[in-house]
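Okay, thanks for having me, everyone.

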Amino acid sequence: MDLRQLGYFVAVADAKSFTRAAIALNLVQSTLSHQIALLEADLGQRLLVRTGRGATPTEAGAALLTHARAMLSSARKARDELRDLHGNPSGRLAVGLPSQVALSMAAPMVAKMRQRLPRAIVSISEGLSLHLRELLIQGRLDVALLYDPPPSPQLSYRTLTRESFLLVGPASAPALPKRVSLAALASYPMVLPGRSNAMRSQVDSALAARGIELNIVAEAGVVLTLLKLVSEGLGYTAAPASMLLHGGNRLRLQTAQIGPPAIRNRLVLATPKARPDTRLLREFLAIVQELYPVESGREGGAAAATMRGATRSGGTRPGATRSGATRSGATRS
């Protein structure tokens, strides 16, 4: 089988369209269709069916897709290992980052990689942790940072940092207490991410175990949108302190600690167990370790350190309070 044709086949299957795949591959659509036809003739199987909505794999195509991904991944790994023999290797490292992590950490990650391996390319994909985990398992990412992923026999996890959640409200509302109990959260109108978001899952699981039901008035999947809705007085949200870095210091917000018990997330570094240890990957893992030093012993890692610097310069403070009313069930300490 021709690896190039396999790559074209995977591109069409992923794009679910010959047209979109041709654009992504910078090919004339007739050329792409011809290459797929040659692959089908070589295998003696119909691999893709054109529909009114695009193209979908046949049963044979779905079976080939898994093998094609593995073969393309193996070929890429072989190229990467050979490039490692060069003193200044080139190549592409596919990195998955949740959006809130990418906003604060993508720039230092790319900058450090450019300093160490200027011929290498870091290709960053952003998305929900659950989706990034699937891309990692499929071999479409080399490494990813994930929030609270479920275990997988195909992946290795290393915890980078843990963060406690805060209750975040509009500055125009009555002053929040220093600390809010889990039960008291039910009295606030909440704006949260959708259920597929890892942050939402942490909040839901902590409250469901205690029979607490939130009053959810809106959902938003983007950090800046959540904070904007809160700052406009449309509700409150529960989020890690580092989330306030992403525009929170430019918005009028107030915060309170949640718990005890606290709600905490876990950011992990995830790598496929079967992926070879290339120099590109080793350098990136070293950079991540520098940005999230285990020996610091401080909750929140690099993002929290940045947050502490922001609070000293006058931004939104976790736990900041103003004089005013408190809500039922909230506690001051």
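Let me start with a question: are Y188 and Y236 buried or exposed? Have a look for a second. Both Y188 and Y236 are buried.

Before I say more about them, one caution: this is a predicted model. The mean pLDDT of the protein chain is 82, and 83% of its residues get to 70 or more. Among the elements, strand β5 (residues 143-147) has the highest mean pLDDT, at 94, while strand β13 (residues 330-331) has the lowest, at 39. Over residues 295-333 the pLDDT is below 50, and yet that stretch has 87 contacts in the model beyond near neighbours in sequence.

Now the overall picture. The protein chain has ten helices and 13 strands. Of its 333 residues, 48% are buried. If you take contacts with a separation of 6 or more, 76% of them are between residues 24 or more positions apart. The accessible surface comes to about 15900 Å², and carbon and sulfur atoms account for 52% of that.

Y188 is in the loop between β7 (179-180) and β8 (189-192), and Y236 is in the loop between α8 (223-231) and β10 (237-240), so the pair ties together parts that are 48 residues apart in sequence.

What about nonpolar cores? In soluble globular proteins, nonpolar side chains tend to be buried together. Here the largest nonpolar core has 35 residues, and L167, L185, M190 and I258 have the most contacts inside it. The elements giving two or more residues to this core are β6 (155-170), β8, α7 (198-208), α8, β10 and β11 (253-258).

Let's zoom in on L167. Which residues is L167 in contact with, leaving aside its neighbours within four places in sequence? The list includes L185, M190 and I258, and also both Y188 and Y236.

Last stop, F18. The charged end of R50 sits over the F18 ring, 3.8 Å from its centre.

Note on methods. Residues are numbered from 1 along each chain as its sequence is written. This is a predicted model: local features need pLDDT of at least 70, side-chain atom pairs count only at pLDDT 80 or more; totals for chains, interfaces and linings use all residues. Side-chain values use heavy atoms; hydrogens and water are left out. Helices (H or I, at least four residues) and strands (E, at least two) are DSSP runs, numbered from the N terminus. Buried means under 20% relative accessible area, exposed over 50%, partly exposed in between (1.4 Å probe, protein chains only). Contact means heavy atoms within 4.5 Å. Accessible areas come from the Shrake-Rupley method with a 1.4 Å probe; for residues, only the protein chains shown count as cover. A charge sits over a ring if NZ of Lys or CZ of Arg is within 6 Å of the ring centre and within 35 degrees of the ring normal. pLDDT is the predictor's confidence in each residue, from 0 to 100. A nonpolar core is a set of buried Ala, Val, Leu, Ile, Met, Phe, Trp, Tyr and Cys residues joined through side-chain atoms within 4.5 Å.
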